[in-house]
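Subject: Structure handover and notes

Dear colleague,

Here is the structure I promised to pass on to you. Please open it alongside this message, and the notes on what was found in it follow directly below.

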Amino acid sequence: MTSADNIEAIAKEAKVWRQTLHQHPELLFDLPKTSAFVAEKLREFGCDEVVTGIATSGVVAVINGTRGPGGSIGLRCDMDALPMSEQTNLPYASRIPNMMHACGHDGHTAMLLATAKCLAADRDFAGRVVLIFQPAEEGGGGARVMIEEGLLERFGIDEVYGMHNEPGLPVGSFATRSGAFMAGGDRFVVTITGKGGHAASPHKTHDPVVVASHMVSALQTIASRSTDPFDPIVVSITYINGGNDRALNVIPDTVQVGGTIRTMNPAVRKAAEQRFREIVSTTAALFSSEARIDWRPGYPVVVNDPAKTSAAIAAAEAVVGDGAVNATYAQSMGSEDFAYMLEQRPGAMILIGNGDSQYLHHPGFDFNDEAIPYGVKYWLSLVDRQLNKT
């Protein structure tokens with residue numbers, strides 16, 4: 001495989017690519033500049049196939065090895081940014097108002113591009129590598145759309161892997177775990193309709209504010225009384241809207257309540273939704289009101305395949321040593337749409353240390369460029385291990 005000196009040199013190039021991408025963030029599926037930049041680099045590297053336009057702005061590249069027939073491994077990164085203002089004062093800070101790479105997808109993209117350059121230059125592996133540059137991880141479900149458009153079948157992917165930076169984890173270290181790793185996250189908005197009226201005569205109303213208050217409390221029993229305490233679940237009410245602060249003597253007709261439910265077990269996720277619907281409907285009925293549920297299914301639970309997780313751990317240990325790889329890292333209640341790919345193919349998500357940085361989705365976050373060579377070496381180690389069975 002590519003020599004250590006060459007990897008370091010390419011990693012320095014990738015730092016420039018990363019900071020260029022950082023200055024020009026784009027959102028969800030609308031990534032014309034980002035995808036064009038990625039595709040141009042992949043063609044420049046000499047990839048055997050570069051396909052654009054999957055899920056609108058997704059890019060897929062294929063690199064064939066020189067050791068003959070073999071398996072097909074998918075390596076995935078995400079490319080989209082977030083709709084928020086950057087507060088870093090960096091020389092390469094975002095040039096686009098209200099958009100920034102606050103989750104490190106610019107770094108993920110740069111690391112996979114660097115990996116592509118290494119693999120295209122030194123094809124010492126059997127089978128082929130499929131590099132997946134995915135749009136719309138931040139709420140758009142780009143992984144699901146790419147799958148629906150035939151990604152896995154079209155490129156014959158046998159197994160698939162993802163990598164995400166982790167603030168607080170030292171640079172030069174990795175972390176993962178077998179089984180459920182990141183939560184499934186569903187969202188909801190409930191519209192409660194009662195009967196408004198004068199605040200002096202509440203007995204003539206069906207007060208939706210009272211209904212909402214009881215509902216918020218009752219929904220917390222999903223976690224405290226309806227699920228096994230050993231099955232992680234978080235029910236968060238994050239939005240309440242009703243009435244008018246300029247008419248405090250008026251009981252409104254409607255109130256809206258919204259939030260999220262996060263779970264680590266697919267069975268618990270299904271049961272939590274059922275219990276949620278029961279609580280909402282019966283609480284509204286108790287107060288002679290109605291409740292309309294707008295349920296917004298989110299990403300599934302990220303479930304790492306045990307055998308592929310072991311392979312990922314071994315590949316990371318070959319790069320940084322077993323002392324710098326946490327194989328039983330804590331589960332996260334955050335969500336990742338890579339879960340859709342893991343539902344269809346065996347694989348694993350691994351975290352790479354971003355050092356002492358602000359946490360993800362913070363306006364002061366920045367991807368740590370010192371992590372780039374470790375990420376590239378991990379991808380190369382994984383390819384060598386899985387396709388050459390070393």
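To begin with the helix packing, helix H1 (residues 4–23) lies against helix H2 (residues 32–45) with the two axes 10 Å apart and at an angle of about 160 degrees. The axes here are lines fitted to C-alpha atoms, for helices over the stretch in contact, and the angles run from 0 to 180 degrees between N-to-C directions; helices and strands are DSSP runs (H or I of at least four residues for helices, E of at least two for strands), numbered from the N terminus. This is a predicted model, in which local features need pLDDT of at least 70 and side-chain atom pairs count only at pLDDT 80 or more, while totals for chains, interfaces and linings use all residues. Residues are numbered from 1 along each chain as its sequence is written, and side-chain values use heavy atoms, with hydrogens and water left out.

H1 and H2 are therefore roughly antiparallel to each other (angles over 145 degrees count as roughly antiparallel, under 35 as roughly parallel, 65 to 115 as roughly perpendicular and the rest as oblique). H1 passes H2 in a right-handed crossing, the term for a near helix turned clockwise from the far one by less than a right angle, with anticlockwise being left-handed. On the H1 side the contact is made by Trp17, Thr20 and Leu21, and on the H2 side by Thr34, Phe37, Lys41 and Phe45, where contact means heavy atoms within 4.5 Å.

H2 also packs against H3, their axes coming within 9 Å and crossing at roughly 15 degrees, which makes H2 roughly parallel to H3. This crossing, too, is right-handed as H2 passes H3. From H2, the residues Phe37, Val38, Lys41, Leu42 and Phe45 meet Thr109, Leu113, Ala116, Lys117 and Ala120 in H3.

Turning to the aromatic rings, those of Phe, Tyr and Trp (its six-membered ring) pair if their centres lie within 6.5 Å, and planes under 30 degrees apart count as stacked, over 60 as edge-to-face and the rest as tilted. By this rule the count comes to seven aromatic pairs. One of them is the stacked pair of Phe188 and Trp295, at 6.3 Å centre to centre with 10 degrees between the planes. Phe188 lies in strand S8 (residues 184–193) and Trp295 in strand S13 (residues 290–296), so this pair ties together parts that are 107 residues apart in sequence. Phe188 is buried at 1% relative accessibility, and Trp295 is buried at 13% (buried means under 20% relative accessible area, exposed over 50%, partly exposed in between, with a 1.4 Å probe and protein chains only). Trp295 also pairs with Phe276, the ring centres being 5.2 Å apart and the planes at 50 degrees, so that pair is tilted. Elsewhere, ring pairs link Phe174, Tyr378 and Trp379 into a cluster.

Some loop residues also deserve a look. Gly127, in the loop between helix H3 (105–121) and strand S4 (128–134), is buried at 11% relative accessibility.
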